[in-house]
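I want to look up a few charged pairs first, then the contact between the chains.

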Protein chains: 2
Amino acid sequence: MPILVMKFGGTSVATLDRIKRAAKRVGLEVAKGYDVIVIVSAMAGKTNELVGWVEETSPLFDAREYDAVVSSGENVTAGLMALTLQEMDIPARSWQGWQVPLLTTSTHSSARIEDIPPENILRKFGEGMKVAVIAGFQGVSPEGRITTLGRGGSDTSAVAFAAAFNAERCDIYTDVDGVYTTDPRICEKARKLDKIAFEEMLELASLGAKVLQTRSVELAMRYKVRLRVLSSFEEPSDTAGTLVCDEEEIMESKVVAGVAHSRDEAKLTLLSVADRPGIAASIFTALSDANVNVDMIVQNIAENERTDMTFSCPTNQVARAETALAEMKAAGKVNYSELVADTNVCKISVVGIGMRSHTGVAAKMFQVLSNENINIKVITTSEIKISVLIDRKYMELAVQALHDAFELDKAA
Amino acid sequence: MPILVMKFGGTSVATLDRIKRAAKRVGLEVAKGYDVIVIVSAMAGKTNELVGWVEETSPLFDAREYDAVVSSGENVTAGLMALTLQEMDIPARSWQGWQVPLLTTSTHSSARIEDIPPENILRKFGEGMKVAVIAGFQGVSPEGRITTLGRGGSDTSAVAFAAAFNAERCDIYTDVDGVYTTDPRICEKARKLDKIAFEEMLELASLGAKVLQTRSVELAMRYKVRLRVLSSFEEPSDTAGTLVCDEEEIMESKVVAGVAHSRDEAKLTLLSVADRPGIAASIFTALSDANVNVDMIVQNIAENERTDMTFSCPTNQVARAETALAEMKAAGKVNYSELVADTNVCKISVVGIGMRSHTGVAAKMFQVLSNENINIKVITTSEIKISVLIDRKYMELAVQALHDAFELDKAA
């Protein structure tokens, strides 16, 4: 029998009625002849409640106990889902992480998956079981203690199961109906994509399109797991959602797949930094040690052996960055005249694997922004992405103009 | 190090504050030099919520999935208790049933404990851990699936751990401050007992003094585990609560230890039953098959080869008993003229190991009831107990009169 993995997030299993609805979707796939592996999250809100209790009990908690506590929500939904399927006369049973076993490292609260031996579940499929329900987000360490994979880890569980069982596809049921060319709340012409390449999805995921965990997309790309993102609140259909797949599966792709934006970006500029070898290394090592996630970095050409250095980071890390840099300056490790922080910016990116073979995307992007009189503050590029920082007030305008210019409202 | 087992029920761990309070009690015992095994229930109300979800999902549920779901509440409190102790700088960690492992039969939802290999926990104690926190109520079957021990099973977990680790004592923290000579809500002279013998506690537990699970008392008696019942809401003290122990530890015991009562008792009488061999067997086999828990049985002497047969059972099983007997009569398997049910009765019992060596307790009990003009409807006796059924309206009067007559308000 071909194997299908179906993952239901917290909102899709938030109540007994929703679990029943999800179970019906599982039943449709069983009827098509699949053996199904279902991965469930905790009921919406439960994990937050448990995390809250742990943090209130012990601010610097023992991550092993954190994992033992917060993994319990998934155990509840796994059992309830198995019972619901049984009520529909579908042979099903639940597995907790340690029962599979889903073997992980001992890095509690953000463990990495090491292996998922498929024998136990395959034997049960061989005995006539149709659905294996797996408590997502959790595994077991070499020491026999419960581990968790980090927030959103159920997506990662799902992809790892799909890889381990060589599943035909991994369907991620969530509360959005797919991946869009841009945020529909900002641009009404945003169009749902039928397919998107792993690399594009990765860039979009890390740019703030919160559909899938970055890590699960990386894992899917590495093991070539075809991922489908779809809503559990829409009518079932074979063409629902967006398929995240290898670029070879996407016959006619546009040069640009989507326009992403992020409000959570601040620009910091160190004015008049001494321009000598190793200065960038010491600045960004200090920021990294202070847990500042630096995104874009730009260095201007030097004049009189001084230069300006600009970087961006999440807005809530600006204070931390300022403190780290002030300390470095006080310690004489770096010399600059002034640190200017601008939290009134946003990041706009165009993403598409077609950029690898098509030139002129950057030029077109800059021209579009220029036509709207939007000043570009910082530019960075990667193989399949161009990102710019602009004033935040132009965010909607920029997204809409770029969406139009690259004709993203039209199918390829 | 001597080992102490401490068990905290649902009300004692109902909130983070109460968990902290319980942890402080654990800390006091650690300070005395004990290695402590703490058994925790789920937060009050949580198990009922989970059971409700399972029953709503699947009325005839798969008990294996039931166990997987309802055991999750204890996992949460075990982790939170371990974290709370760590915050107090007491080395502690949590164990779920499968991690210990607490090995049980595969009788899901009412599994029996088979073994608790102590090696893992003893090794940790040897490494400097002071408290092992155990999720109560749960174990693991030979098939590697989660089992539960039945409602109130955390008491049983606690006693089993105390036996397996040869603990000095097993302290059961609950919301009552001990075992009383009778129900204080009925008799204001009721006195808390400092000590009570296992056999007496067993009779009182099964008679409706809901302090301890009958099964945990049986287990404690078999393995001679000294049990202390005490409140987690009172100031800690070495003499708090009631010690349930071997009768040899109770130097001066009274003939009667307590007076128990039960409202949940109905009297059924089969009039004019054909008095032939095997008739009692067929009646009570039929009742047993119908899941009627028959308590007292009385058969009158026969006249004209017909006799009357009286028995008692819980009030909510009367309808089931009537149906079973009517079916038997219809099938010609038993012949009686009429079935009379009296749900307006109650059971009063006096219990005490002293009865084994002292005569006259029954006579005194009947005289006391007679003095109050209370008519006795049925009598049964065991080695350490005399029970009578009387009209329910006399319950309080009977309890108070017997409590006075046997001077239970005075210490031995």
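I started with D171(A), which counts as buried because its relative accessibility is 0% (buried means under 20% relative accessible area, exposed over 50%, partly exposed in between, with a 1.4 Å probe and protein chains only). This is a predicted model, where local features need pLDDT of at least 70, side-chain atom pairs count only at pLDDT 80 or more, and totals for chains, interfaces and linings use all residues. Residues are numbered from 1 along each chain as its sequence is written, chains are lettered from A and ligands numbered from 1 in the order written, and side-chain values use heavy atoms, leaving out hydrogens and water.

**Salt bridges**

I looked up the partner of D171(A): a salt bridge joins it to R228(A), with the closest N and O atoms 2.9 Å apart (a side-chain nitrogen of Lys or Arg within 4 Å of a carboxyl oxygen of Asp or Glu). D171(A) sits in strand β9 and R228(A) in strand β11 (residues 227-231), 57 residues apart (strands are DSSP runs of E, at least two residues, and helices runs of H or I, at least four, numbered from the N terminus). R228(A) is buried too, at 6% relative accessible area.

Next I checked D155(B), which forms a salt bridge with K7(B) at 2.8 Å between the closest N and O atoms. D155(B) is in helix α6 (residues 153-164) and K7(B) in strand β1 (residues 3-8) of chain B, so the pair ties together parts 148 residues apart in sequence. D155(B) is buried at 7%, and K7(B) is buried at 8%.

The whole structure has 41 salt bridges over all chains.

**Y180(A)**

The unreviewed UniProt entry has a "binding site" annotation that includes K7(A) and Y180(A); such annotations may be inferred rather than shown by experiment. I placed Y180(A) in the loop between β9 (169-174) and β10 (195-197) of chain A. At 25% relative accessibility, Y180(A) is partly exposed.

**Chain B against chain A**

How many residues does the contact take from each chain? It takes 36 from chain B and 36 from chain A (contact means heavy atoms within 4.5 Å). I noted about 3100 Å² buried between them, 62% of it from carbon and sulfur atoms (accessible area, 1.4 Å probe, that two parts lose on being put together, summed over both). T57(B), L83(B) and W98(B) supply 19% of what chain B buries against chain A, more than any other three residues.
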